[in-house]
Amino acid sequence: MAQYNNKTGLGSARERARPMVDGSHNAQPTSANIDRLHDQRRARSAEPQIFGSMAPPISEQIEVSSLLLDRLGERLAFERSGVRLYDALLLKHDAKGSFRGGPTRAELEHFRNEEYEHFHLLERVVEELGGDPTVLTPAADLAATESEGVLKVITDPRVDLAASLHALLVAELADNAAWEHLIGLSEQSGLEELTEQLQTCLEQEERHLASVKRWVESHDSELLDSDLLE
Amino acid sequence: MTIDLFRETGVEVYRQVFDWRDLVRTPISKLDNDAFSRVRIILMNGIESEQNRFLHAMARSDGRFRREAALIRRIEHHQQTLINWLNPPDQTPLETTIGFEQVAIEVTASVAQSEPDPYLAQVYRFGLLEDFDHMYRYAALMDRVEGKDANAILQSYTDIMPGRPTSQEHRHPHDDLREHYDRTNADPLSRMNALTIMAGENQTRDYYMTIGPMFSDPLARQLYAEIASIEEQHVTQYESIIDPNETWLEKWLLHEANEVYNYFSCAAFEDDPRLKEVWARFLDYELGQLHFVMELFRREEGRDPAEVLPNTLPEPIQYRSHRDYVRKVLADEQSFTAVGPEIGALPESEDTQRYREQLNGDAAPSDIISADYRWTPGTELSAKAS
């Protein structure tokens, strides 16, 4: 049975919303020229700013470009955090179980373990290429910032497994795109063995993505059917 | 190099002005700036926050100086804005928390070593081991819930290992109150140290109280609730070592002098030229404010500020790793307790034992989150952890 307690829209407060809309319409802004907003923001973006850079290579005989190490560092950090996302999902599964068409515990654990293996692989790869796997690279930092919302949703005990999987879907979509991109960079760098290893990871990630999509779609499809029947 | 507080007058108060562009600058880089630049930003935000708190408290208690307090407080507020806004937006609340604990550890370690009063030095060492433990618990949280390595913030300057266990830090309020220095004969450095550490801890408490509810994870929320409670204990402890019999104007003089001292210390160690310029500018501002308050002190209390202030500043706070010192204190004093004003290997009061049992219940969040935790480079998921 659906619950209708959400108070955020105008529709749930028609009486007090009407004077609010009218009042705002009749009030005069005290400043003009919205272009100044855009100008200021544009001007700040035009200024020289340093977000962050790479660390010096550990090995003197650095074999690959800084860009590739940055992207490898990004994937490394993402996979590592991905393990923790799956840890949180497993706890939710243990707490309240799954739903029809949803993941089994074994599936979640399997995907978690694959993220873990990807992280270890990338640790080895970065070291072999003369980099430092403990560095928080600029791309890794940006990816972590992009993913903050995913973590927040998945670790929220008020958010059920199905909604948490929607957040996971965001992560897996980004993950797949990033692995494809990384493979392209590896190919361009002429690193055949690495490219093969990364390709294996991508194939696993594609299965993750397909499963998560299926779980989310299955859940919503069931709910919609149930809504339509009422 | 030092500063003569009576000869150097800095910038006159009426010339201490800002505009929005000046106040909101490009933040530091979380990745590229030295960790101690972040430590200085966090501490100075706390120092300015303390000034704001103090001047409001004074205005609420003694209306004679409310115009002067309002004038100086506005400037200090804007100084705080400029400083705090140097924190970068990609630095998460938990990462900033790691920065806060690094401040508490390294600055308290510096203060504890420079403190001339042995009793007060013991108080700082006692608090140091507790903040040291907080770092370990927060690092475990970051590792286990987020899969991130706190050392990206610490840059290997500060250890991540258990201190005095947070779960054992909960004490009855009366066991957080210490003896205060005597305003008539306390060493100037003792007064500076007390204000600095009290300011840092008060800001830490306020910060955890603000961000604690922003976490989704239930253990994260509990950990912040627990450690914020300890920070309240620390504020109680550190404010209790300050002589409450100092007059409002004495306290104001000391606050301004302490700000001079802290900006002087920051400028002495800062390697980022953009930040060094801020510390130097605000050092001059604080000198101007100090002289403003000196005049007020002479006029209203009919006393010479030299009765309260030293001619020259002590050696600056040492912004460097104090790893060896912290480990020695840990080895010697981890099991120390506090009973009333005394600290040492003492049996705890029944009040404290009852308080702790009540609060911790079955288990403390700090113990739960860090069960079997050992920090490893790259997190405990790293292949090298096994």
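Buried area is the accessible area (1.4 Å probe) that two parts lose on being put together, summed over both. This is a predicted model, in which local features need pLDDT of at least 70, side-chain atom pairs count only at pLDDT 80 or more, and totals for chains, interfaces and linings use all residues. Residues are numbered from 1 along each chain as its sequence is written, chains are lettered from A and ligands numbered from 1 in the order in which they are written, and side-chain values use heavy atoms, with hydrogens and water left out.

**View 1. The interface of chain B with chain A.** About 2500 Å² is buried between chain B and chain A, 48% of it on carbon and sulfur atoms. On the chain B side, B:Leu31, B:Ser216 and B:Leu381 lose the most area to chain A, together 26% of what that side buries. In residue terms, 29 residues of chain B are in contact (heavy atoms within 4.5 Å) with 30 residues of chain A.

View 2. A salt bridge is a side-chain nitrogen of Lys or Arg within 4 Å of a carboxyl oxygen of Asp or Glu. There are four between chain B and chain A. One salt bridge joins the side chains of A:Arg84 and B:Glu380, at 3.2 Å from N to O. Helix 5 (residues 118-146) of chain B gives the largest share of the side that touches chain A, four residues. Helices here are DSSP runs (H or I, at least four residues), numbered from the N terminus. That side of chain B divides into nine nonpolar, eight polar and twelve charged residues. Ala, Val, Leu, Ile, Met, Phe, Trp, Tyr, Cys and Pro count as nonpolar, Asp, Glu, Lys and Arg as charged, and the others, Gly among them, as polar.

**View 3. A:Ile50 at the chain boundary.** A:Ile50 sits in the loop between helix 2 (35-46) and helix 3 (66-96) of chain A. Its relative accessibility is 61%, so A:Ile50 counts as exposed. The cut-offs are under 20% relative accessible area for buried, over 50% for exposed, and in between for partly exposed (1.4 Å probe, protein chains only). Not counting residues up to four places away in sequence, A:Ile50 touches B:Ser29 and B:Asp32.

**View 4. The ring pair B:Phe36 and B:Tyr157.** Over all chains, the whole structure holds 20 aromatic pairs. Rings of Phe, Tyr and Trp (its six-membered ring) pair if their centres lie within 6.5 Å; planes under 30 degrees apart count as stacked, over 60 as edge-to-face and the rest as tilted. B:Phe36 and B:Tyr157 have ring centres 4.7 Å apart and planes at 65°, so the pair is edge-to-face. B:Phe36 is in helix 2 (residues 35-61) of chain B and B:Tyr157 in the loop between helix 6 (151-154) and helix 7 (188-211), so the pair ties together parts 121 residues apart in sequence. B:Phe36 is buried at 3% relative accessibility, and B:Tyr157 is partly exposed at 24%.

**View 5. An aromatic cluster in chain B.** B:Phe100, B:Tyr138, B:Tyr207, B:Tyr208, B:Phe215 and B:Tyr224 form one aromatic cluster. Both B:Tyr207 and B:Tyr208 are buried.

Note on methods: Helix = DSSP H or I, 4+ residues; strand = E, 2+ residues; numbered from the N terminus.
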